[in-house]
Amino acid sequence: MLKGIIKRLVQTDDDVAGLVLRLMLAVVFFPHGAQKVMGWFGGPGFAGQIQAFQQYLGIPPVLGVLAILAEFLGPIALVAGLVTRIAALGIMTNMVVAVFLIHLKFGFFMNWFGKQAGEGFEYHLLAIAIALALIIKGGGRWSLDRLLAKRLS
């Protein structure tokens, strides 16, 4: 039974689109995760991010840790194509939460000209769509998921 669940989780085809989608999502999200975990790219680091989540958004520490891990470990897993669906689900969840907690009130469009009080949610919709495609299709070509699925057959 467990083998069957794992097999369905990692099952994917040799589609190059899955490869492209997972690499692009990883490239976009790894810097955000590195900001939150390591303080790279001007980020607050782990403790600072947990504190900011609590103070400004009311997010409990356990959920903050999960969000940070999704943005840091998720892209690493996506590059390898390992548990692609889980990594994509974590990133998608973060984006849905970000839309509803922060960006929805600023409307659809990003703040291209600095005239809005904040950023809209158009970018988030693209990330959600990419993550959803990966959840549906899997990691595609050159993924460890594909290799695992073959071994479980």
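# Salt bridges and a buried glutamate

Analyst: In this predicted model, a network of salt bridges links Asp 13, Asp 15 and Lys 137.

User: How many salt bridges does the count come to?

Analyst: The count comes to five salt bridges.

User: Take Lys 137 and Asp 15. How far apart are N and O there?

Analyst: The side chains of Lys 137 and Asp 15 meet in a salt bridge with N to O at 3.8 Å. This pair links distant parts of the chain, 122 residues apart: Lys 137 is in helix α6, and Asp 15 is in the loop between α1 and α2.

User: Which residue forms a salt bridge with Arg 141?

Analyst: Asp 14 does, and the N to O distance is 3.2 Å. The two residues are 127 apart in the chain, with Asp 14 in the loop between α1 and α2 (16–38) and Arg 141 in the loop between α6 and α7 (144–152).

User: And what does Arg 146 pair with?

Analyst: Arg 146 forms a salt bridge with Asp 14, where the closest N and O atoms are 3.6 Å apart. That pair also links distant parts of the chain: Arg 146 is in helix α7 and Asp 14 is in the loop between α1 and α2, 132 residues apart.

User: Are these residues buried, partly exposed or exposed? Start with Asp 14.

Analyst: Asp 14 counts as partly exposed, because its relative accessibility is 36%. Arg 141 is partly exposed with a relative accessible area of 28%, and Arg 146 counts as partly exposed at 21%.

User: New topic. Where is Glu 122?

Analyst: Glu 122 is in helix α6, which covers residues 122–137.

User: Is Glu 122 buried or exposed, and which side chain of opposite charge is nearest?

Analyst: Glu 122 is buried and has no salt bridge. The nearest side chain of opposite charge is Lys 115, 15 Å away. Side chains of opposite charge can pair when their charged atoms come close.

User: What does the side chain of Glu 122 make a polar contact with?

Analyst: The side chain of Trp 112, at 3.4 Å. Leaving aside neighbours within four places in sequence, Glu 122 is in contact with Phe 108, Phe 109, Met 110 and Trp 112.

User: Where is Asn 111 found?

Analyst: Asn 111 is in the loop between α5 (84–103) and α6. Asn 111 is buried, because its relative accessible area is 18% and the limit for buried is under 20%.

User: What does Asn 111 touch?

Analyst: Not counting residues up to four places away in sequence, Asn 111 touches Gln 116, Gly 118 and Glu 119. A polar atom of the Asn 111 side chain also lies 3.1 Å from the backbone nitrogen of Gly 114.

User: Last one. Which residues make the nonpolar surface patch of about 460 Å²?

Analyst: Met 1, Leu 2, Ile 5 and Ile 6 make that patch. Ile 6 lies in helix α1 (residues 2–10) and counts as partly exposed, because its relative accessibility is 36%.

Definitions and conventions
Residues numbered from 1 in each chain as written. Predicted model: local features only at pLDDT ≥ 70, side-chain atom pairs only at ≥ 80, totals over all residues. Heavy atoms only, no water. Helix = DSSP H or I, 4+ residues; strand = E, 2+ residues; numbered from the N terminus. Buried < 20%, exposed > 50% of the residue type's maximum accessible area, 1.4 Å probe, protein only. Lys, Arg positive; Asp, Glu negative; His and termini not counted. Salt bridge = Lys/Arg side-chain N within 4 Å of Asp/Glu carboxyl O. Polar contact = N/O pair within 3.5 Å; in protein donor to acceptor, adjacent residues only side chain to side chain. Contact = heavy atoms within 4.5 Å. Patch = residues over 30% accessible without salt bridge, like charges linked within 9 Å, V, L, I, M, F, W, Y side chains within 5 Å. Areas by Shrake-Rupley, 256 points an atom, 1.4 Å probe, with all protein chains shown as cover.
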